[in-house]
Amino acid sequence: MLIDKYENRLSNISKSGASKIRLHTILVGTSEIMRKRSMYIRAGKKQITGRFMTTKHEFKGVDSEASLQTVLAAYDCILEYKGVSFTKYFFPSAKDKQLWKDSKMIYDCIYSLIKKKQLPEIPMQYVLLIIDHVLKTVGIDGEAKTWPEKEDWIEAIKNVGLLESVFLEE
């Protein structure tokens, strides 16, 4: 579990007297994780739920163009420790371009490939895989295009397994 991995680090922070640092954990995940939380509560394992599962949030994928725009905007934000956004890193010659401005086109690409399949939301796993695929294959580390085109997004959607997962559920 992730908590185990960072237990020593958290202990060192606590011992160093960094009293202004507080750990906040938020349970964000699948229904399976939510069931585990319920199981721990029924079993009386309050030390686990009280420390690591105090706040829960039902995680959903992208259910609208606006939510996709929010995800894409995160790639456009400048990272404090690097001084550059993911967008600018992968597409350095794209002047004033931002991924979030292409959200409608990308959203339409996804749903045009899914066709009339009733899908209330696009699982976040696939959204991130699509973006990652475009950044790595079309950006500076791949084809080094100035900016991804519609065809690049369609190719990414076809390559990440979203279409297979949607049509396997039928």
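Ile110 makes contact with Ile122, Ile130, Ile157 and Leu162, leaving aside residues up to four places away in sequence. The model is predicted. Its chain has 10 helices and two strands. Of its 170 residues, 33% count as buried.

**Overall layout**

- Along the sequence, the elements run α-α-β-α-α-β-α-α-α-α-α-α.
- Among contacts with a separation of 6 or more, 66% join residues 24 or more positions apart.

**The largest nonpolar core**

- This core has 34 residues.
- Which members touch the most others? They are Ile110 and Leu162.
- Two or more residues each come from H5, H7, H8, helix H9 (150-159) and helix H10 (162-168).
- H8 gives the largest share, with eight residues.
- Ile110 and Leu162 also touch one another.
- In soluble globular proteins, nonpolar side chains tend to be buried together.

**Helix H5**

- H5 covers residues 65-76, 12 residues in total.
- From first C-alpha to last, H5 reaches 16 Å, close to the 16 Å expected at 1.5 Å a residue.
- Its buried residues are Leu68, Val71, Leu72, Tyr75 and Asp76.
- Why do the buried residues of H5 line one face of the helix? Seen down the axis of H5, they fall within an arc of 155°, so they share one face.
- An α-helix has 3.6 residues a turn, so residues three or four places apart point the same way.
- The cover over the buried residues of H5 includes helix H6 (86-90), helix H7 (103-114) and helix H8 (124-138).

**Helix H8**

- H8 has 15 residues.
- Its span from first C-alpha to last is 21 Å, close to the 21 Å expected at 1.5 Å a residue.
- Buried in H8 are Met124, Tyr126, Val127, Ile130, Ile131, Val134, Leu135 and Val138.
- Ile130, one of these buried residues, is also a contact of Ile110.
- H8 is among the helices that cover the buried residues of H5.

**The loop between H5 and H6**

- Val84 sits in the loop between H5 and H6.
- Is Val84 buried or partly exposed? Val84 is partly exposed, at a relative accessible area of 27%.
- Residues up to four places away in sequence aside, Val84 touches Cys77, Ile78, Leu79 and Tyr89.

**Cysteines**

- How many disulfides does the structure hold? It holds zero.
- A disulfide is a covalent bond between the sulfur atoms of two cysteines.
- Cys77 has 44% relative accessibility, so this residue counts as partly exposed.
- Cys109 has 2% relative accessibility, so this residue counts as buried.
- Cys77 is one of the contacts of Val84.

**Salt bridges**

- The count of salt bridges comes to four.
- Lys104 and Asp108 form one of them, with N to O at 2.9 Å.
- Both Lys104 and Asp108 belong to helix H7. They are four residues apart, about one turn of the helix.
- Lys104 is partly exposed at 48% relative accessibility. Asp108 is partly exposed at 37%.
- Which residues does a salt-bridge network link? It links Glu143, Lys145 and Asp152.
- Lys145 pairs with Glu143 in a salt bridge, the closest N and O atoms being 3.8 Å apart.
- Lys145 also pairs with Asp152 in a salt bridge, where the closest N and O atoms are 2.8 Å apart.

Note on methods
Residues numbered from 1 in each chain as written. Predicted model: local features only at pLDDT ≥ 70, side-chain atom pairs only at ≥ 80, totals over all residues. Heavy atoms only, no water. Expected span 1.5 Å × (residues − 1). Buried < 20%, exposed > 50% of the residue type's maximum accessible area, 1.4 Å probe, protein only. Arc of directions from axis to C-beta. Contact = heavy atoms within 4.5 Å. Disulfide = S-S within 2.5 Å. Salt bridge = Lys/Arg side-chain N within 4 Å of Asp/Glu carboxyl O. Core = buried A, V, L, I, M, F, W, Y, C linked by side-chain atoms within 4.5 Å.
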